[in-house]
Amino acid sequence: MNHRFDVLVVGAGPAGIAAAVRAAEEGCSVGIVDENLQAGGQIWRGSVDRARSGQGIGSAEDWLGRLERASLRAFYGWHIFDAPSPKMLRASRDFEAAELHFESLVIATGARERFLPFPGWTLPNVVGAGGLQALVKSGLPIGGKRVVVAGTGPLLIAVAAYMRKRGANVVALCEQASRGRIMKLGMGLTRQPKKLTDAVRYGWQVRGMRLRTNCWPIAALGEERLESVVLGGGGKRVEVKTDYLACGFHLVPNCELAMLLGCALDGSYVRVDESQQTSVPGVFSAGETTGIGGVEAALVEGQIAGLAAGGAREKAALLLKEREATRQFIRLLDRTYALNPELRRLATPETIVCRCEDVTMEAVEAHTSWRTAKLQLRVGMGSCQGRICGAACEFLFGWGMESVRPPIQPTPIGSLIGSDAD
Amino acid sequence: MNRLESTYDVAVIGAGIVGAACAYFLMREGLRVAVLEKGIVGGGATAAGMGHLVAMDDSPAQLVLTKLSLEIWKAMREELPASTEYQQTGTLWIASDDDEMVEVRRKHELYRGVGLACEILDSRALAEAEPKLRRPLAGGLRVLEDAVIYPPAVAQFLLRGAGERRTLFTNCDVISIDGSAVLLSDGTRVSAEYVVNAAGCNATELTPGIVMRKRKGHLIITDRYPGFLRHQLVELGYLKSAHSVTADSVAFNLQPRATGQILIGSSRQYEDESTVVDHGIVRKMIERACEYMPEVAALSALRIWTGFRAATPDKLPLIGPSRESSKVLLATGHEGLGITTSMATAQLITDMVLQRNSPIAREPYLPSRMSREEAHVC
Amino acid sequence: MSVDQGFGTDPILVLVNDVPVQVERGSTVAVALLVAGVPARRSVNGSARAPLCGMGVCMECRAEVDSVSHSRTCQIVCQPNMRVRTQ
């Protein structure tokens, strides 16, 4: 299967949707790819049929509606696994394969949660914060269940509020950042009116539920599944009975495709200029890959990328002021949710660090680089291709990630062959 | 580099499996050894290859060397730690037609003649031995004591068993061999009575005049499918692929890892020296594998990578004194048999250093066998 | 198909290790496993594992779905009588 587009967008979260819509509205032929079965990415998961309306740049319903009306081709359930030649990506769904050719590419592959190892973190019912939200949106009954929400990041409050709305009993809400930094964030938000109303709205929804700062999970306890969580930090310790622990430590950008294409990074983000162009000509990136900034940043950047990729740079330039505001917000979030060094000491020698290969902390910390650890222990060489343990080891040991090789997602052997037109 | 002492009995350049094995054998004899590695232990071809311990008979000398090495591996088996994942899977050489069955019978007689345990399988026995092979195939040869290991863990183990004196130096860039000394990039000179050049594809940089080329290979590894495959499977056409001096080729070669992951190979190319995955070659490799075992197409691939084999014109390694000095010993050029023949190489090298006889004749592997004419064939 | 609302009206049955499990139509197989209280898979050392990230990245939710092993159950919507086997 072969397809050709003026603009190909990878990722159908807010950034990808904004890029695809704007490029299509400029008259370009547009393709959009996402491995999920529907558009929306993480934050707009399940919102295709019904989404809340908001203010400002646009709402989920607004954008998803525009996506549906736009003249473009969508590939849902497909994942990109290789970029064998310039201007072409290989995609696979189940056992099918396709080649997607493009003039310009927009990488809007979003972010994933960062997980840090602590005793018991591998127990069933210990899930991510966004992870629990995704599961509930996918049909998990949560009414009447006890939930502890912990970790760090703007997701926590949103997840706690959502769980409450769905009838869960959120028994604790724990943020590892200090009270001071959270308050600074609050003040930073007041400079951005829309986010203030969001914060107020969430504050109201979690009214009566204390946000414990400087607090994090010490251990998850249980036999075959989670039964209770020990929370600590600041010298205190308390054990809480719970059905689920929704725990994630902020987000890390999904840069695998950008790295495969040779895009330069700044730290862990893809480096882009003001039109969201990466260091590779014709390749743009928008959304969490260029900085964790949430929906607002994604929509601004996505539009800029779609317009620039679609040849409408003057229109893209009109959004520069908003872009600058979102860049500031990104920096504010990074500062707020920086990880407490104490979190490096949660894992005991027996704690599993690489879940795919069952490699313990003891084994991993005997090595001095990601390379030797991978080679000798197979940490990061399992099914998740190092996505979970790699992000953890980066924080725990300062180990940088290496270059990326195809397939960038597990892919059936038969799909690797490609089409006959190769 | 203050921790490097000034003189050793032997300086081994390269901590791949060949260098590690040489160091291990030499230290066992009480010699003072320094192992100088540019990168990490077992990070070169040792990491890239399949880890197949296999008897191979491209030439009589090759059969002698692989057989000796397999005996040494077998003797070492008890002391190898679990991380090395030694598994006696055996090898199944697959015959797809009657011509290839003739080859099976020839091989069987040859191997039996030198004492290698093997048995001929007819079409039905082959299908029983490996149910997922397509049917019908003509049959095969099962070589019972061939095995599969994880080479980086072996290299690590061989160097860890070094005794009290610290011998391994990584991130150690050797820029030249100068008489009986080795010069590092930071200016340090390491003196040794003998120098062993086990630097694999980089050996030519340190010893001029070696005739060796890099032969690129590709491998794919899958997720875990316990029970999918029992033996290492190799098509008889593999020998043609390995033997050819010029053509790009692929051959069916499948390995079950102890983890249950399947390794899919193999390919050989000369002209391409980049590490980039060649999609045309990978495609041919996959198509070949699916011809023999159709269910391979449904397996989930986690990684594709490339590596380089150090290849000589006559497919035999270079084990012995270099042209320039009788005290500079080459231990390189193993092509696709570096893992298998690392032990025999180490045995021969150690025998040379201690000036004693070896269990096999050394002449076929001596670097001096390469005439100037042969240098141009490669 | 959105599953964010409208639950409680349209249950379907899938088979988890031959045992029928009831979920709302539109639920993912990962949800079926959690509802059944059955771990999707056992790790290399045999410990129970269940979905972690909910978005197809962590590979902990893998199970055999209609004979395809290593299927990411959080990315698969339940169909009536789907056969799920833990790994």
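The axes of helix α1 (residues 14-25) and helix α8 of chain A come within 7 Å and cross at roughly 30°; axes here are lines fitted to C-alpha atoms, for helices over the stretch in contact, and angles run from 0 to 180 degrees between N-to-C directions. The model is predicted, so that local features need pLDDT of at least 70 and side-chain atom pairs count only at pLDDT 80 or more, whereas totals for chains, interfaces and linings use all residues. Residues are numbered from 1 along each chain as its sequence is written, and chains are lettered from A and ligands numbered from 1 in the order in which they are written. Helices (H or I, at least four residues) and strands (E, at least two) are DSSP runs, numbered from the N terminus.

The crossing of α1(A) and α8(A) is right-handed, a term that applies if the near helix is turned clockwise from the far one by less than a right angle, with left-handed for anticlockwise. The residues in contact (C-beta atoms, placed from the backbone, within 7 Å) include A:P14, A:I17, A:A19 and A:V21 of α1(A) and A:V295, A:L299, A:G302 and A:L307 of α8(A). By class, the residues of this contact divide into 14 nonpolar, four polar and two charged, where Ala, Val, Leu, Ile, Met, Phe, Trp, Tyr, Cys and Pro count as nonpolar, Asp, Glu, Lys and Arg as charged, and the others, Gly among them, as polar.

The largest nonpolar core has 162 residues, and A:A19, A:A20, A:V106, A:V149 and A:V159 have the most contacts inside it. Such a core is a set of buried Ala, Val, Leu, Ile, Met, Phe, Trp, Tyr and Cys residues joined through C-beta atoms within 7 Å; a residue is buried if 20 or more other C-beta atoms lie within 10 Å of its own, exposed if 12 or fewer, and partly exposed in between, with C-beta atoms placed from the backbone. Helix α8 (residues 294-309) of chain A supplies the largest share of this core, ten residues. Apart from this core lies another, of 127 residues, among them B:I13, B:A251, B:L299 and B:L318. Beyond four places in sequence, A:A19 is in contact with residues including A:V9, A:V106, A:A286, A:G302 and A:A309.

Chain A contains an open sheet of five strands in the order β8-β15-β9-β10-β11, with parallel pairing; two strands pair if DSSP finds at least two bridges between them. The edges are β8 (126-127) and β11 (211-212) of chain A, each with a single partner strand, so one side of each is left without a neighbour in the sheet. Within this sheet, β9 (residues 146-152) and β10 (residues 169-175) of chain A pair in the parallel sense over six bridges, and A:G151 stands opposite A:E175 in β10(A). Helix α3 (residues 129-137) of chain A lies across β8, β9 and β15 (244-249), running at about 130° to β15(A). Helix α4 (residues 155-165) of chain A lies across β9, β10, β11 and β15, at about 175° to β10(A).

An open sheet of three strands in chain A has the order β12-β13-β14, with antiparallel pairing. Its edge strands are β12 (216-221) and β14 (236-241) of chain A; each has a single partner strand, so one side of each lacks a neighbour in the sheet. The twist averages 20° from one strand to the next. Six bridges join β13 (residues 228-233) of chain A to β14(A) in the antiparallel sense, with A:G232 opposite A:R237 in β14(A).

In chain B, five of the five residues of strand β6 (residues 139-143) are buried, so this strand is largely enclosed by the rest of the structure. B:G139, B:L141 and B:V143 point one way from β6(B), and B:G140 and B:R142 the other way. Five antiparallel bridges join β4 (residues 91-95) of chain B to β6(B), where B:W93 stands opposite B:L141. Strand β5 (residues 118-122) of chain B is likewise joined to β6(B) by five bridges and runs antiparallel to it; B:I120 has B:L141 as its bridge partner in β6(B).

B:T7 lies in strand β1 (residues 7-13) of chain B and counts as partly exposed because it has 14 C-beta neighbours inside 10 Å. Leaving aside neighbours within four places in sequence, B:T7 is in contact with B:S191 and B:A192.

Technical notes:
Two residues are in contact if their C-beta atoms, placed from the backbone, lie within 7 Å.
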